[in-house]
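Trainee: I have a model to go through. Can we take it one question at a time?

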Amino acid sequence: MATISDPSSFERFVQAITTAEYDRGQLDIAPSDYSTTVNMKDGISYEFSFWIGGSNSGLLIKSGQMGHYRLSDTSKKDLLDLFQSTFKDKISSEDTANPQPPSVQVTVGGERFEAIQGSYCWNDNGKGVCVDMASYDELVSKQKVHPKAISGDRVELEFSYAPKEIEVMASFPREERPDEALSVDKNSFQLAAGSGRQ
């Protein structure tokens, strides 16, 4: 998570979202490229999601509001530059001697929650680290959200910064069945058939 706090960057952000055109239509699209929370002085917060990467046409959604907003090409480019430079500054200012993978927000079964970090090996700018975490059962006991998901449900992943590649494996601890690689498309995948853990 990165913070935009300097006045000029915040002014660019406000300019881009206030010039967007409102559209009442509902969208059925992939998870957003970026999301942000704007905290006001009076304690009220507003959440925005942005589709501004790659071939996306430039859209934003304000949480809790019906419809969406269409961004001009100029606003799309400005927001993309702003977000990329903010995340780049954050990543480069972190201690690269101990690189860490991005945090992940998971949406499945109608619930959204932060994934618990398990064991990992991570390499960033030529510096790598491997960290061994608690067992799967211990990690699950720490997870406060247990969504009710069934085989075939779609799972959406939202990263604090985009990894170069994503691999999802399904395990079936109570079945005589090998682990299974699941196909990931635009940061989402479908739960495997059967009872298992992912």
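Mentor: Start with a strand pairing: phenylalanine 50 stands opposite leucine 60 in S4. Helices (H or I, at least four residues) and strands (E, at least two) are DSSP runs, numbered from the N terminus. This is a predicted model, where local features need pLDDT of at least 70, side-chain atom pairs count only at pLDDT 80 or more, and totals for chains, interfaces and linings use all residues. Residues are numbered from 1 along each chain as its sequence is written, and side-chain values use heavy atoms, with hydrogens and water left out.

Trainee: In which sense do S3 and strand S4 pair, and over how many bridges?

Mentor: Two strands pair if DSSP finds at least two bridges between them. Strand S4 covers residues 59-62. Its pairing with S3 is antiparallel, over 4 bridges.

Trainee: Is threonine 36 buried or exposed?

Mentor: Threonine 36 sits in strand S2 (residues 34-39). Not counting residues up to four places away in sequence, threonine 36 touches Phe13, Tyr46, Glu47, Phe48, Phe50 and Phe83. Buried means under 20% relative accessible area, exposed over 50%, partly exposed in between (1.4 Å probe, protein chains only). Threonine 36 has 19% relative accessibility, so it counts as buried.

Trainee: What is the angle between the planes of phenylalanine 13 and phenylalanine 83?

Mentor: Rings of Phe, Tyr and Trp (its six-membered ring) pair if their centres lie within 6.5 Å; planes under 30 degrees apart count as stacked, over 60 as edge-to-face and the rest as tilted. A search of the whole structure finds 8 aromatic pairs. Phenylalanine 13 and phenylalanine 83 form one that is edge-to-face, 6.4 Å centre to centre. The angle between their planes is 70°.

Trainee: Why does that pair tie together separate parts of the sequence, and how many residues apart are they?

Mentor: Phenylalanine 13 is buried at a relative accessible area of 3%, and phenylalanine 83 is buried at 4%. Ring pairs also link Phe10, Phe13, Tyr34, Phe48, Phe50 and Phe83 into a cluster. Phenylalanine 13 lies in helix H1 and phenylalanine 83 in helix H2, so the parts tied together are apart in sequence by 70 residues.

Trainee: Which residue does arginine 12 meet in a salt bridge?

Mentor: A salt bridge is a side-chain nitrogen of Lys or Arg within 4 Å of a carboxyl oxygen of Asp or Glu. The structure holds 5 of them. In this one, N to O is 2.9 Å, and arginine 12 counts as partly exposed at 30% relative accessibility. Its partner is aspartate 78.

Trainee: How many residues apart are arginine 70 and aspartate 23?

Mentor: Their side chains meet in a salt bridge at 3.5 Å, N to O. Arginine 70 is in strand S5 (residues 68-70) and aspartate 23 in strand S1 (residues 21-23). The pair links distant parts of the chain, 47 residues apart.

Trainee: Which residue's backbone nitrogen lies 3.0 Å from a polar atom of the side chain of serine 160?

Mentor: Serine 160 lies in the loop between strand S10 (154-159) and strand S11 (168-170). At 16% relative accessibility, serine 160 counts as buried. The backbone nitrogen belongs to serine 103.

Conventions: Contact = heavy atoms within 4.5 Å. Polar contact = N/O pair within 3.5 Å; in protein donor to acceptor, adjacent residues only side chain to side chain.
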